[in-house]
Amino acid sequence: MGKALIIGCGGVASVAIAKCCQNSEVFTEIMIASRTLSKCDALKEKLQPTTKTIIHTRQVDADKVPELVAIMEEFKPDVCLNLALPYQDLTIMDACLATKTPYVDTANYEPVDTAKFEYKWQWAYEDRFKEAGITALLGSGFDPGVTGVFSAYALKHHFDEINYIDILDCNGGDHGYPFATNFNPEINIREVSAKGSYWEDGHWVETEPMEIKRVYNFDQVGEKDMYLLHHEEIESLAKNIPGIKRIRFFMTFGQSYLTHLKCLENVGMTSIEPVIYEGHEIVPLQFLKFMLPDPATLGPRTVGKTNIGCIFRGKKDGKEKTYYLYNVCDHQECYKEVGSQAISYTTGVPAMIGAMLIMNGTWNCPGVKNIEEFDPDPFMDALNKWGLPWIEDFNPVEVE
Ligand code: NDP
């Protein structure tokens, strides 16, 4: 069917690439291009004997538009799936524009020197993508990603109007380390040490980091502490779900994680301000990332399940209604299937699905679009087929 260029070869990319290789009727050829060629080659060596998909590899610095353009001109991909870091979103979008290549990512742009993620930089590309006649699909991971698809599905099939959305992201997994992050530590720590916020009555309400705590009893995981965070899909859902009054995002954290994080923060190790150490400029958070376990190595050690989903409250036929859509994913099952833990799995599978729907033309809407702006049904079917089946609850316990 088509060719996909995949940028990045870390935890999420490894799963997405494994899934493309399982789906070789759609992904007939892929090119893995990342900063460290040896990682791309090692993954190719592992996967090529298992798949009909033809795998190519290249070294690329995705901060450099001409390097990306050269690869796109040579390989002529039908879609570019960006699974590098949020810092590379704009350069990859520029290269896609230059070569008229559709674009898919899983995280919105964040400048390296300000830990603030928002869609304004990528939404600013809307007219250029529209004029070029190509689609940019933003946020095709789990959250953002599946949470937006769940919202579109709830609105299409279960509500006339959605007024409240609570997104609950629970990781009940245990990797046995006193402190480690389940995806890129730099991105993860920037996210959780930032101020929290939620959307209410048309504006943002800001909170101190971890100020709002709730306890929730998650299906197949049990009772967990969860904390309100700012999260990027709140911004796009606030724009795209008509009648919305409030959207909150909660993520579970164990006490050990929080105690370590507080200590690291208190001694300055989570700072993104460069410091001079013995004549070298270093960024404390980047050094901390270097010291922490690589999330890609957590797979064999992590046991337990994730439970991520959305609780909706709104109106149907004039009556109040609640509805909870979620997925439960088992870390060890993921490891057995693709050699990664569930956080990479729950992001990598939707990334493959988004790329597939763009590549086969099921989703085609020139411009820069968030995932909830597309028809959710083909994505929901694909989730069931490709390893992330969803569960519905028509009488959920709501978050206070
Ligand atoms: P990793 O750090 O494991 O992987 C990032 C990859 O990008 C690495 O292979 C890295 O290369 C490569 N890379 C970084 N900079 C460049 C560059 N300048 N040029 C080329 N390649 C580069 O991160 P994850 O896999 O955990 O995360 C990938 C993305 O997924 C992130 O944007 C993250 O925010 C997003 N994400 C989204 C989620 C969602 O649900 N929506 C959930 C989790 C993550 P090298 O191997 O040399 O380090």
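These legends walk through several close-up views of the structure above, which is a predicted model. Local features need pLDDT of at least 70 and side-chain atom pairs count only at pLDDT 80 or more, while totals for chains, interfaces and linings use all residues. Residue numbers run from 1 along each chain as its sequence is written.

**View 1. The shell around the ligand.** There are 32 residues around the ligand, and Gly-8, Gly-10, Val-12, Ala-62 and Gly-141 come nearest; a residue is near if its C-beta atom, placed from the backbone, lies within 6 Å of the molecule. By class, the shell holds 16 nonpolar, eleven polar and five charged residues. Here Ala, Val, Leu, Ile, Met, Phe, Trp, Tyr, Cys and Pro count as nonpolar, Asp, Glu, Lys and Arg as charged, and the others, Gly among them, as polar. Helix 1 (residues 11-22) gives the most to this shell, with three residues. Helices (H or I, at least four residues) and strands (E, at least two) are DSSP runs, numbered from the N terminus. The ligand lies between domain 1 (2-138) and domain 2 (146-340 + 387-393), because both give residues to its shell; the domain bounds come from an automatic or database domain assignment.

View 2. Asp-143 and Pro-144 are joined by a cis peptide bond, with omega about 10 degrees. Look for Pro-144 in the loop between strand 6 (135-138) and helix 7 (146-157).

**View 3. Helix 7 with helix 9.** The axes of helix 7 and helix 9 (residues 232-240) come within 10 Å and cross at roughly 25 degrees. That makes helix 7 roughly parallel to helix 9, since angles under 35 degrees count as roughly parallel, over 145 as roughly antiparallel, 65 to 115 as roughly perpendicular and the rest as oblique. Axes are lines fitted to C-alpha atoms, for helices over the stretch in contact, and angles run from 0 to 180 degrees between N-to-C directions.

**View 4. Helix 8 with helix 11.** Helix 8 (residues 185-192) and helix 11 (residues 284-291) have axes that come within 9 Å and cross at roughly 125 degrees. The two helices are therefore oblique to each other.

**View 5. Two residues with positive phi.** Met-210 is not a glycine, yet its phi is positive, about 60 degrees. Met-210 sits in the loop between strand 9 (203-207) and strand 10 (213-218). Gly-268, which follows helix 10, also has a positive phi, near 90 degrees.
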